[in-house]
Amino acid sequence: MQNRINTLFETKKRDILSVYFTAGFPRLNDTAEIIQELEKNGVGLIEIGIPFSDPTADGPTIQRSSETALKNGMNVKLLFDQLRNIRETVKIPLIMMGYINPVLQFGVEDFCKKCHEVGIDGLILPDLPLEEFESHYKEIFQRNNLHNILLITPQTSEARIRQIDEASGGFIYMVSSAATTGAGKKVEDFHRDYFERIQQMNLKNPRLIGFGISDRATFANACHYASGAIIGSAFIKALQTGAMLKDSIQEFVKSIRDTE
C-alpha cells in the first residue's frame, strides 16, 4: 500500500495545510476528536505531538501544552490506545512528531509497529540525526511503511540539503527560521532569499514550511514557496481559548483559508 503522504502530494501539489497539536491537550481524551474535526474542515495533513518533559526546540505555547498534556496523564501507550480505531473515520495522512527519548523508552521497533497498526504514516523526530537513523532504524521504518520526515533550516548547507533530499521519501520540513516554534512573526520577516534558494535547487521531494505560520497571510506567503505550510502554536492557542472544540477548530481553519 502506498504511503498516504505520497498520495497527498501526488494529488494536491499546492496549498496543503498541515496542523500540529499536542496529544492530550487541552483535555486528555480530545485527541481523536481533534483529528476528526481537522479532517472534516479540510486540513490535508495532521501532526500529532508526543508531549515531552523537556521540549527544547518548542516555543512557550507548545511547551505549556506539553506540560498540560503530561499533567493530564498523556503517555505514548495511552496515545496509541486513543488512536486504535482512528482509521475507521480518518483518511488523511497522520504523522507523529516529538523527541527521540520517548520513542527509545518505548522501544523503536515496538513504536514503529504500533504506528503501523494504528495507521500512522510518518515520524518527525528532530533530534534523531540522519546518520543514526540510516545506520540503525531505516529498515525498521521501511518495514512499517513509515517516512522519517527530516528538517532543514536557513543554516543548513546545500550539501546537507541534497543529502536530506536523497534520504527523504515523504516531504521535507522546511523550518522558516532558526528560532524556536511559535506564531507571531510577520510575513516580511521570513527568509525570502532562503525560500528562493531552496526553490532553485529543484529538490525531488515536496516541501512544507513550518515555524511562525499563524494566519492567512503567513500561510499564503509560505504556499508561494512550497507545497504548503504547517501551523502549530496558533492552533494550540485557538484550542486553549475556545469554549467548544468543534467550533474552535472550524473557526480556526476558516481563518487560515476557506475550507474546501
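## A first tour of the model

Me: What is the mean pLDDT of the protein chain in this predicted model?
Reply: Happy to start there, since this is a predicted model. In the chain, 92% of the residues reach a pLDDT of 70 or more. Residues 180–188 are below 50, although this stretch has 28 contacts in the model beyond near neighbours in sequence. The mean pLDDT for the chain is 91.

Me: In what order do the nine strands of the open sheet stand?
Reply: Strands of a sheet pair through backbone hydrogen bonds, either parallel or antiparallel. Here the pairing is parallel, and the sheet is open. Its order is S5-S4-S3-S2-S1-S9-S8-S7-S6.

Me: Which strands stand at the edges of the sheet?
Reply: An edge strand here has a single partner strand, so one side of it is left without a neighbour in the sheet. The strands in that position are S5 and S6 (151–152).

Me: Which residue in S9 is the bridge partner of Ile16?
Reply: Strand S1 (residues 16–22) and strand S9 (residues 228–231) run parallel and are joined by four bridges. Helix H2 (residues 31–40) packs on the sheet, touching S1, S2 and S3, and its direction makes about 165 degrees with that of S1. As for Ile16, its bridge partner in S9 is Gly228.

Me: Where is Pro26 found?
Reply: Most residues other than glycine have a negative phi, and most peptide bonds are trans. The bond from Phe25 to Pro26 is cis, with omega near 0 degrees. Pro26 is found in the loop between S1 and H2.

Me: What is the phi of Asp15?
Reply: Asp15 lies in the loop between helix H1 (4–11) and S1. Although Asp15 is not a glycine, its phi is positive, at about 55 degrees.

Me: At what angle do H9 and H10 pack?
Reply: Arg192, Phe195, Glu196 and Gln199 in H9 meet Asn221, His224 and Tyr225 in H10. The residues of this contact divide into two nonpolar, three polar and two charged. The axes of the helices are 9 Å apart, and the angle is about 35 degrees.

Me: Which element supplies the largest share of the lining of the second largest pocket?
Reply: This pocket holds about 190 Å³ of space, and 13 residues line it, with Phe133, Gln142, Leu146, His147 and Asn148 nearest its centre. The lining divides into five nonpolar, seven polar and one charged. Helix H7 (130–143) and strand S5 (147–148) each supply at least two residues. The largest share, four residues, comes from H7.

Conventions:
Residues numbered from 1 in each chain as written. Predicted model: local features only at pLDDT ≥ 70, side-chain atom pairs only at ≥ 80, totals over all residues. Heavy atoms only, no water. 1 Å grid on protein atoms, 1.4 Å probe; cavity = no way out; pocket = protein on both sides within 12 Å on 5 of 7 lines; lining within 4 Å. Points joined across faces, edges and corners; volume = space filled by probe spheres on them. Nonpolar A, V, L, I, M, F, W, Y, C, P; charged D, E, K, R; others polar. Axes fitted to C-alpha atoms, helices over the stretch in contact; angles between N-to-C directions. Contact = heavy atoms within 4.5 Å. Pairing = 2+ DSSP bridges. pLDDT = per-residue confidence, 0-100.
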